[in-house]
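Subject: Structure handover

Hello,

Here is the structure I promised to pass on. Please open it next to this email and read the two together.

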Amino acid sequence: MGVIQVDGLEKSYDAVRAVDGMEFRVERGELFGFLGPNGAGKTTTIRALTGQIEPDEGTVRVLETDPVEEPIETRRRVGILPEQESPPSFLTPREFLAFVGRVRDLEPATVEERTAIWAERLGFESKLETLHTDLSRGQQQKVMFAQAFLHDPDVVFIDEPLANLDPLVQEQVKRFLVDYAADDNAVFVSTHNIEVAEEICTRVGIVADGRIVTERSVGTTDEPLLEVFLEHVEGEAVRDTPAVAQAQR
Amino acid sequence: MTTGRNRVGWTIFFALAREEWRLHTRLFGGWRFVCFPFLIAALSLGASVALVETGTAARTIVDGLHLLVFGFGLYCGTAGFAGSDMLENVFGRLSLVLSTATALPLSRRRMLGVFLLKDGLFYGLVFVLPMAVAVVPLVGLSADLPVAVGALWLSLSLTFAAGMVLTVAMIAARTRGVPTWGIALAALTVIVGVGVTGHTASARDALVPLHGSWPAVAGLALTTVFVGIVSLVAYDPAYSRPSRTASDRFARISDALPVGQDALVAKALLDLARSSGGVWKPFVSVSILFALVAAMVGLVREITGIEPAPGIFFGGVLGLSAFTTYNWLTQFDSLEAYLAYPVSIAAVFRAKRTAFVAVGAPTAALPYLVAVVWFEATLFDAVAGAAILAGYALYYYGLTVYVAGFDPNEFLFDAVRFALFTVGVAVALVPTLVAGFVVVPPSTELAAALVCTGVGFGVVGYVLSSRAGPRWEERYRAGTQ
């Protein structure tokens with residue numbers, strides 16, 4: 001059994017079918033790219049996998065827990081970097097990470113040590129005492145990135161990992177994610193950025209209309225991921241996908 | 001050129017108005033929002049009929065309505081003044097037109113002006129117009145009724161606009177570097193000055209255009225327009241606050257709390273304390289409530305000679321501060337944000353309740369103590385009032401959390417939820433106020449009965465707030481919120 005296993009997942013919001021028969025599995029050591037245009041059902045799937053919403057149909061298992069029955073236990077074991085903008089917290093990054101450490105039952109000394117490591121890795125040491133609400137979006141994203149990895153989880157869910165980050169930090173983050181997955185963990189990256197998926201993922205599932213339409217291991221064929229994507233995804237949503245827009249220009 | 005600028009102004013106005021309409025209909029469902037003004041009209045009419053039947057003078061009812069509307073304007077002012085972080089957040093998140101203005105060749109000063117004009121008209125139609133039907137029992141069903149409703153509406157609207165203009169003035173002062181405490185001190189000086197120089201009645205009359213002379217009405221209107229224009233001119237659109245830093249207090253607060261979910265409670269308290277206005281925001285809100293009630297008591301005493309038992313009266317009404325205090329405690333986070341961590345929604349609600357008690361108790365107790373001393377309450381009255389205050393505040397809190405969840409501000413425009421909340425409040429408050437007016441000073445038996453009532457409602461509030469967590473967790477997990 002994979003560390004993430006999804007079978008026949010369905011979820012609707014009123015008349016809108018957000019996820020429609022989603023099936024896939026992710027193993028340890030994989031950096032799995034969940035690639036699709038906006039509105040394809042990526043965020044809803046992540047929310048179902050992390051016990052934030054209950055699916056209408058299907059089963060999901062994450063690290064041998066059932067997110068529907070035991071959402072707190074699932075969230076205790078995984079790390080989550082949500083896509084939505086964080087609310088205007090008036091805690092400093094140091095306090096915010098201490099807060100996350102408390103709700104994750106980490107020792108204060110461990111939190112302090114890891115805070116220092118992450119602040120240095122992502123370059124926000126000088127902002128550790130600045131109120132979170134006064135940080136730039138990129139700096140806020142760095143802090144949120146650090147909280148997702150603070151408890152050294154076996155599985156991490158990341159929605160658009162490079163949003164708002166400057167190019168230098170993007171490179172660091174990409175390298176870190178590759179190494180983290182290779183260290184017998186699993187990283188689940190939801191993105192609509194084809195180039196990023198092709199560069200860092202070991203395997204990619206292309207999502208359209210609420211389900212995975214094709215899966216492939218990256219680097220196993222010469223066919224560019226962009227072409228595979230265009231083969232399977234149609235409609236106006238495709239034009240929102242960065243690499244497609246660039247290719248069309 | 002001028003025509004072109006006017007056209008742009010109207011375009012912005014209609015875009016903002018359309019956005020406001022869609023925001024509310026999308027949030028609550030069309031019919032629930034459309035019903036809201038009718039609900040306000042029904043409540044105003046019902047209250048007016050009840051007051052007339054109990055012998056309250058027409059002048060008192062009209063003055064009270066103006067006080068209420070001015071308080072509403074001031075409350076909007078409080079949000080802008082003490083909670084500018086919240087205001088910026090709301091502007092940016094909810095208004096696409098406002099948030100994209102920075103990318104368009106439009107002056108932010110002009111945008112703010114049009115935004116306020118739109119807001120004034122919106123509230124004038126949705127809140128103030130329905131309130132004006134309170135005049136029906138005063139003039140009866142006659143040919144003059146439409147004129148009377150229209151006149152009261154215009155009068156109330158002018159008073160409301162005066163309150164709103166204060167908002168702009170205070171925001172403008174903030175953008176020019178005037179500190180919050182400086183503005184608060186200035187406001188306090190004006191209020192105390194009016195009281196000390198014996199001009200309270202004149203100030204009250206000035207805010208009730210319906211009973212004023214034409215020069216007085218024109219004076220209020222011109223002053224409102226003048227202050228509004230000056231404030232917009234003074235408003236610095238380029239104002240941005242420098243980054244703020246803070247020493248690590250999270251662990252200290254978290255460790256000091258003798259309760260579970262201490263990390264969640266500590267976060268709620270720090271968010272409140274560090275946002276603009278700090279822990280004083282709830283005090284400002286309750287002070288406005290206190291001032292309105294004190295003015296009403298004075299008004300009723302002056303006109304009818306009746307004075308309520310201050311402990312019971314203020315205890316019951318100041319309990320309503322639970323709503324504003326909880327509102328402040330939920331402005332700086334969202335339930336969705338907690339779903340990335342291993343905490344349940346029920347735990348988040350429990351933590352909010354603890355934070356509410358920590359902040360709400362002193363917030364309500366201080367003005368209550370001022371009231372019982374100022375209005376010379378008897379011992380029984382003061383004790384009964386204290387029990388009512390504590391019990392009712394917890395009850396109003398539980399009711400708010402159960403009905404509105406994490407968004408107490410937004411449910412004000414949802415007719416169904418607002419009706420539920422109003423009925424819930426009325427069930428506790430109306431009989432208490434009647435008792436406070438009829439038996440003065442309260443007998444031992446009445447005081448004992450009211451203490452029991454306070455405890456009873458407190459228990460109901462605790463149960464409601466405990467059930468709110470599972471209720472809202474179910475909704476969030478179903479994806480219907």
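Below are the findings, starting with the contact between the chains and ending with single residues.

First, the ground rules. This is a predicted model, where local features need pLDDT of at least 70, side-chain atom pairs count only at pLDDT 80 or more, and totals for chains, interfaces and linings use all residues. Residues are numbered from 1 along each chain as its sequence is written, chains are lettered from A and ligands numbered from 1 in the order in which they are written, and side-chain values use heavy atoms, with hydrogens and water left out.

**The interface**

Chain B brings 39 residues to the contact and chain A brings 38 residues. Contact here means heavy atoms within 4.5 Å. The buried area between chain B and chain A is about 3300 Å². Carbon and sulfur atoms give 57% of that area. Buried area is the accessible area (1.4 Å probe) that two parts lose on being put together, summed over both.

A salt bridge is a side-chain nitrogen of Lys or Arg within 4 Å of a carboxyl oxygen of Asp or Glu. Between chain B and chain A the count is 5 salt bridges. There are also 19 residue pairs in polar contact between chain B and chain A, both residues at pLDDT 80 or more. A polar contact is a pair of N or O atoms within 3.5 Å; within protein, one must be able to donate a hydrogen and the other to accept it, and residues adjacent in sequence count only if both atoms are side-chain atoms.

On the side of chain B that touches chain A, the elements giving two or more residues are helix 4 (84–94), helix 12 (250–256), helix 13 (262–274), helix 17 (335–338) and helix 21 (444–478) of chain B. Helix 13 of chain B gives the most, with 7 residues. Helices (H or I, at least four residues) and strands (E, at least two) are DSSP runs, numbered from the N terminus.

By class, this side of chain B has 17 nonpolar, 9 polar and 13 charged residues. Ala, Val, Leu, Ile, Met, Phe, Trp, Tyr, Cys and Pro count as nonpolar, Asp, Glu, Lys and Arg as charged, and the others, Gly among them, as polar.

**Salt bridges**

Over all chains, the structure holds 23 salt bridges. One of them pairs Arg244(B) with Asp134(A), the closest N and O atoms being 2.8 Å apart. Arg244(B) lies in the loop between helix 11 (214–234) and helix 12 of chain B, and Asp134(A) in the loop between helix 4 (108–122) and helix 5 (137–149) of chain A, so the pair joins two chains. Arg244(B) counts as buried, at 18% relative accessibility. Buried means under 20% relative accessible area, exposed over 50%, and partly exposed in between (1.4 Å probe, protein chains only).

Within chain A, Glu199(A) and Lys174(A) form a salt bridge, the closest N and O atoms being 2.9 Å apart. Glu199(A) is in helix 7 (residues 194–200) and Lys174(A) in helix 6 (residues 167–182) of chain A, 25 residues apart. Is each end buried or partly exposed? Glu199(A) is partly exposed at 48%, while Lys174(A) is buried at 8%.

Chain A also has a network of salt bridges that links Glu10(A), Arg17(A), Asp20(A) and Arg211(A).

In chain B, Asp119(B) and Lys118(B) meet in a salt bridge (3.1 Å, N to O). Asp119(B) is buried at 11%. Lys118(B) is buried at 4%.

**Helix 19 of chain B**

Helix 19 of chain B covers residues 379–404. Its 26 residues should span 38 Å at 1.5 Å a residue, and its end C-alpha atoms are 37 Å apart, which agrees. The expected span is 1.5 Å times one less than the number of residues. Of the 26 residues, 19 are buried. Just after the helix, Gly405(B) takes a positive phi of about 65°.

**Single residues**

Glu376(B) sits in the loop between helix 18 and helix 19 of chain B. Glu376(B) has a positive phi of about 55°, although it is not a glycine. Glu376(B) is exposed at 68%.

Asn164(A) is not a glycine either, and has a positive phi of about 70°.

Best wishes
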